Amino acid sequence: MSPLSRRRFLSLAGSASVALLTGCTLDPSSRLWGAFTWAEGLNHAALGLSPIGRAPAREYPASAISSDFPVRSLNLPASYATSLSDWTLEVGGRVARPLTFTLDELKRKFARVSSTTRHDCVEGWSAIACWTGLRLGDLLAEVRPRPEVRYVVCHAADLDDDGTPFYGSIGIQDAYHPQVLLAYEMNGSPLSVDHGAPLRLKIPTQLGYKSTKYIRRIELVDSLAGIGQGHGGYWEDQGYEWYAGV
Amino acid sequence: MTELDVEKTAPPAEPPSYPILVRVSHWLNAILIVALAGSGLAIFDAHPTLYLSDASDPHHVLFSVQGVPSFLMLGGWLEGGRRIHFAAAWLFAINGILYTAWMLMSRRKRAVWLHSGDVPRLGRSVRDHLRLPLALADEGGALNPLQKAAYLVVTLGLAPLVVATGLAMSPQFDAAFPWWPALLGGRQSARTWHFLAMVGFVGFTLGHVMMVELSGLATFMRMITGEVREEGPR
């Protein structure tokens, strides 16, 4: 082969390989999935576990509140809105005092806190809102998690098309961060059904899918195995990162 | 023989060979930049609108497209893109730090990076590259001033910028360093600058590949073997 056509061949081969690659989908069923998941561990170490992980998210003035806040949910049971008057929150798992609360009891028993932060969705968009509710840490202090607890799991009321329920989890250390809320109000009004009525988690230092909506039960566990597919959340079971600081 | 004859027959000075670190780092970058751009486009496709704002402000849209053509996306979907992107990003950052550190410590840096002696010749170098048909002086294997300027801008400017604008989209990073996304005009602006930095890399890569193609196989092979060979038939 002359040098000219050798070069042509190389550049064609290069382009063809790139084109072939772009046809491939990488997901947990892929053979190469494990070749990429180590980066989450590095992200977690560099951002979540380092001093960076203790910083509170920026608080915004009321003037910064977004007029448009997109809604992302799975499917709610029929007549969910009318069933809310019977809603209770069960808090259990490895705790000394498992408890159940109505919404009124949560509002009366725990300090009311507001926090205006930016919600960053994994899709790429962001929206700012004011969330009002109780600190998750205050609730945990009431039920007294056992020393072996590592995760706080929130079980939600919405389900996907196959009937798989939504759930999410965060680390116990993050759960005590003063900015992590169980919110029952958004922008001064009771939480709408669109945005997670009657109670949603808000953890602004991680992507929005970690802030579970439609919470009906909180479970404190030492392991994520045995819940859903064992990866710590509905989206995590699809392949999304458990540590969603980036 | 007279002294004049000795000068005429003396062979030209050989340019230094490319060390193995430079060549490995270069080809690793070639693969990583393709992986980062392709996976980045898969991520972008999940919300293919760019804003200049902090939160997504519909009054401050820079541009919006229906979606990204699937042949440009690497990973197939948002999370496939994210996994490839973050793995490649770590390798890109480590590769870049190692190359930059080595280059800063190396005596060879004057051969690669723009220095004061090159600046007077920079204007003419730019004009030479814009003239058609292209007729560049044979520098005997040395880099011309525009090359050096381009490599410096990409290595010390564009590459750190693309990493830093990427970090500015991290809610955890933003919590610890809120001044950085603020300086960029907000988190959505950071996403826009990150995308435009990618466009810069694509532009650089296209120009670079075109120039290598025009320079002949010997130039291409030098980044594989490290040595400058006799110019063969083109």
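**A hairpin in chain A, then a look at chain B**

Let's start with a hairpin: β3(A) and β4(A) form one with five residues between them, and A:Gly124 in the turn has a positive phi of about 130 degrees. Strands here are DSSP runs (E, at least two residues), as helices are (H or I, at least four), numbered from the N terminus, and two strands pair if DSSP finds at least two bridges between them. Before going on, note that this is a predicted model, where local features need pLDDT of at least 70 and side-chain atom pairs count only at pLDDT 80 or more, while totals for chains, interfaces and linings use all residues. Residues are numbered from 1 along each chain as its sequence is written, chains are lettered from A and ligands numbered from 1 in the order in which they are written, and side-chain values use heavy atoms, with hydrogens and water left out.

Strand β3 covers residues 113–120 of chain A, and eight bridges join it to β4(A), residues 126–135, with the two running antiparallel. To pick out one pairing, A:Thr117 has A:Ala129 as its bridge partner in β4(A). Seven of the eight residues of β3(A) are buried, so the strand is largely enclosed by the rest of the structure. Buried means under 20% relative accessible area, with exposed over 50% and partly exposed in between (1.4 Å probe, protein chains only).

Now zoom in on A:Asp120, which lies in strand β3 of chain A. At 1% relative accessibility, A:Asp120 counts as buried. What does the side chain of A:Asp120 make a polar contact with? The partner is the side chain of A:Arg118, at 2.8 Å. A polar contact is a pair of N or O atoms within 3.5 Å; within protein, one must be able to donate a hydrogen and the other to accept it, and residues adjacent in sequence count only if both atoms are side-chain atoms. Leaving aside neighbours within four places in sequence, the contacts (heavy atoms within 4.5 Å) of A:Asp120 include A:Trp125 and A:Leu207, and also B:Met169, B:Pro171 and B:Arg187.

Leaving aside neighbours within four places in sequence, B:Ile33 is in contact with B:Phe92, B:Phe201 and B:Thr205.
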